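This report is meant for a reader who is meeting the structure for the first time. Please look over the sequence and the model before reading on.

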Amino acid sequence: MQEGNKRIIGVVTPGGDAAGTNAALRAITRIGLHKGFGILFIREGFGGMVQGSLYFQEANWYSVMDIIQRGGTILGSGRANEFHTREQRMRACKNLIISGVTDLICIGGDGSLTAAHIFYKDWPGLVSDLVANNELDKSLAEQYFSINLVGIVGSIHNDFPGTDMSIGVDTALHRIVESIDAVDSTAKSHRRSFVIEVMGLWSGYLALVAALTTEADWLFLPEWPAPVDWPDMLCNKLKESRAAGQRMNIVICSEGAQDCTGKRIRSEQVRDVIAKRLQYDVRITVLGHVQRGGIPSAYDRLLATRMGAEAVFALMDFDEPTVIALDGNSTVRRPLSQCVERILKFRQAMEEKNWQEAMHLRGRSFLRNLNAYRKLAKIHPHMESEALSGGYSFNLAVMHIGSPSCGMNAAVRAFVRYAICYKCRVYTIKDSFEGLLDGRFEEMDWNSVNYWTMYGGSFLGSQKSLPSMDLDGVARRLAQFHIHALLMVGGFEAFHSCLIMAENRHKYPAFCIPMAVIPCTISNNIPGTDLSLGCDTALNEICEVIDKLKQSAIGTKKRVFIVETMGGYCGFLATLSALCSGADNAYIFEEKFTVDDMKADVQVIFEKITEGEERYIVTRSQYANENFTTQFIKQLYSELGKGKFSTRVNVLGHFQQGGNSSPFDRLTATRMTIHIAQVLISAARDSVQQDGSVYTTDPNHAVLLGIVDQTARLTPVEDLKESADFDHRMPVFQKWLRLHQILRILARHDCVIEASSKLFQLPHLTDDSLN
């Protein structure tokens, strides 16, 4: 029973498990307790809710200790079969009322959230029936005549309407993409073809994004059925690819793949077609439940933490049942009833074989990914309509500027191929502005960027140089190669370079061309964007190390780890890696701290050790404070913690920039680059002069493409000048700093949290946002 008028949140995780769910449970529990709620864990999904008290557990702060890096769900799960009858729902209703539950958070996919919605609608009637059956006292019935419901989408299939991403999807993509990357080397060694079967009986999202981010040769989806003659088309394409020099082929098949008549296409059938018609050595790899398991990715941990916190805020000002969703880079609230209605429409469209309607209901993001795959995966360029280019053939150039970062190579591949489709000539410039001054331009063709997407680093070479080293020379080289538009992919130096060239257009006609910047740096220190390419891969690398550090402390004496991250003056990596890994604090340049603050933190360490914690982890950004260095903090902690704990330092260094690109960075790089290629080609078309040259001084033709709130946003670099701190190479205002409050609350530091509307953008629901 509830104590007085204290509200109690029941938390249940029915349906298929999704990595990241435990991070959501941690956030719900600790933010809920911070806000004065009681927390009740409901084990084994809806079945546990029906069974009652044996499956209910009151949660406290330490119930969710050290679970953020664990896959699956600590509550256990179960499908919604236990909830199909009214009698079962009535038993669940009674059990919740007896336990004092006033609010319910359900973490699950479309089936689970649909069942939760039915339960919510039935609740008043269930309460009335319980009273009529003498199973519930009238006073309790009046007190619990309604329940507040909030859903969080946790499903690896990403098939719930209204959200761009659900918990578990990114981790599943990590498992799939890592497997295909591993298959890549053995396939090339033996000139083999592989058919990779991935999960998705009704949803092809995993298969689609995996194909786009691994450069697969062919793709079978439920929502985009193959034509009846797919065997002929598939074999012709694979034969052409081998003739073009490919040593292997990858075919990705969703488990629910079908042709346009609704006939199921199975992996074995695809293998047999290739083997019999082409005599290729073909293997099948069925990834199965590997896709659900393993350690959650940094993205899923962060997404789940944000959604869990927002779910508690949504209950605080409850109006109607909502689903916590992701719109662009912001957490938003969607009416659950509208989302459920859209689910039913999609199922009906699939049953009626209305493929066009089904694709429409999947949403714009799905369609954009599919169109990108279809365009970029061809063996030869498919020349598009001349409307975008105006019939002109432009010379475009692309270069990397700043420190190497994952996503750079994927961006070049997408840029080269997309531009070639519009009859453009594309040059890559090696080694940033030093290479430009030396004339290291190379014209690229369609196949010169094969298999670039997966690799980290920079195949072009990337250096921290600016055009101001020789503006005359830069202008001469651009004029020499008749460059009509220039793309710069990189960090703060890329933004600064574009700004310098834009500001010097009045001196150099060669700079009077469309120019654009795609932010790509692990530091995430560029104005005009909330997120940069490369950050996701770096966060995964850091989290992997911190997970191992936490594991190393098990069974040892009490230990404090100080982990130094890269990022220069920007504390993005330190803050978000702390949030994603369950670290206890982050020392960053943006949040000033003193010796007294560090002494207070040591007192928090003492308290946590007294209550049973074995380790404490602090992250520190590279230039957090010129005097309070990592070594200084270690020495201070060591002195104050004598006899209580030992202190260790880990400086992570440049490995944070390495490794293969994460699925998120590959996908985002591809989609952003396609967008910017369209912008540059159309700007060049609009700037053609009578002599055929391109000339523009329009500030809107020197832009940075950023991810801001819910959308990709183009901002003139000259408009961003006042938003940049050039001394510290970072933006003046950074939205991610709002998450620092969440970090401190989750680590049990004294902190007053802002209202949710300030922490997260909450736009009104529109038909477009549902799409």
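What follows describes the chain as a whole and then one residue.

This is a predicted model, in which local features need pLDDT of at least 70 and side-chain atom pairs count only at pLDDT 80 or more, while totals for chains, interfaces and linings use all residues. Residues are numbered from 1 along each chain as its sequence is written, and side-chain values use heavy atoms, with hydrogens and water left out.

The chain holds 25 helices and 24 strands, where helices (H or I, at least four residues) and strands (E, at least two) are DSSP runs numbered from the N terminus.

| Property of the chain | Value |
|---|---|
| Box filled by C-alpha atoms, along the principal axes | roughly 90 × 70 × 50 Å |

Of the 771 residues, 63% are buried, meaning under 20% relative accessible area (1.4 Å probe, protein chains only). Among contacts (heavy atoms within 4.5 Å) between residues at least 6 apart in sequence, 79% join residues at least 24 apart.

T21 lies in helix 1, which covers residues 21-34, and T21 is buried, since its relative accessible area is 4%. Beyond its neighbours within four places in sequence, T21 contacts T13, G72, T73, I107 and I167.

Note on methods
Buried < 20%, exposed > 50% of the residue type's maximum accessible area, 1.4 Å probe, protein only.
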